[in-house]
Amino acid sequence: MVNKAVQDLIIASHGEEVWQQIKLRAEVDDEIFISTQAYPDEVTYRLMGAASEVLGLPAQRVLHEFGRWWVLKTAHHGYGLLLRAGGRNLGEFLQNLPNFHTRIMMIFPALQPPDFQCTDVAPGHVRLHYRSHRQGLSAFVMGLLHGLAEMFAVTAHITQEHSRDSGADHDVFRITWKEPQPTES
Ligand code: HEM
């Protein structure tokens, strides 16, 4: 499912030819990805690395864009109901995030989901703690969070306060936002 989303993003933004180049460089032979099949993580990491080289963009940027795309396109179109059930606004959605993948595990039992926790919850403010058995995905999480803010049409300020890449025990993001003002009718 994740690899299929990478494929969709690259084809939509850069075309089929660039996608073929990326697959070649990543030494990935699969003609197409099947969204319900599990693939080794290594395939995704290789695709991300190759995309960064072929597009001439830092890997962090590719991961960030992929996170946004995931929320705004993949999840929105393929799993709209699930996404809507996650919350009616950004604050609610973030507080439900710790349980979000539990539901998805009913569809994909082989999932090794990320672990989220919220602290310092206040109106327009939350600290999100992210733990994972996978390394190097904080830019992806940043992209996901920006995608969620866009989805709920709020202006959010997102910073990373602690990073596992810099030796912290886990990643911590601080998210502040302003709800849109209701429009006069
Ligand atoms: C309907 C929407 C969603 C679906 C169907 C979904 C499904 C998945 C799937 C299949 C994986 C791969 C896990 C594996 O292969 O073991 C994954 C990973 C992940 N998801 Fe979701 N997800 C959704 C929304 C979100 C949202 C909104 C966030 C957070 C802001 C999120 C955060 C992550 C992260 C960070 C990973 C990387 C895995 C890791 O850290 O180990 N997902 N998700």
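## Basis of the model

Because the model is predicted, local features need pLDDT of at least 70 and side-chain atom pairs count only at pLDDT 80 or more, while totals for chains, interfaces and linings use all residues. Residues are numbered from 1 along each chain as its sequence is written, and side-chain values use heavy atoms, with hydrogens and water left out.

## The annotated span

An unreviewed UniProt entry carries the annotation "domain: Heme NO-binding" for residues 1–159, and such annotations may be inferred rather than shown by experiment. This span is 61% helix and 13% strand, where helices (H or I, at least four residues) and strands (E, at least two) are DSSP runs numbered from the N terminus.

## The shell around the ligand

The shell (residues with a heavy atom within 4 Å of the ligand) has 23 residues, and His 101, Gln 112, Tyr 130, Ser 132 and Arg 134 come nearest. Helix H6 gives the largest share, five residues, and the shell divides into 19 nonpolar, three polar and one charged.

A polar side-chain atom of Tyr 130 lies 2.4 Å from an oxygen atom of the ligand, whereas for Ser 132 a side-chain N or O atom is 2.7 Å from a ligand oxygen atom.

Definitions and conventions
Polar contact = N/O pair within 3.5 Å; in protein donor to acceptor, adjacent residues only side chain to side chain. Nonpolar A, V, L, I, M, F, W, Y, C, P; charged D, E, K, R; others polar.
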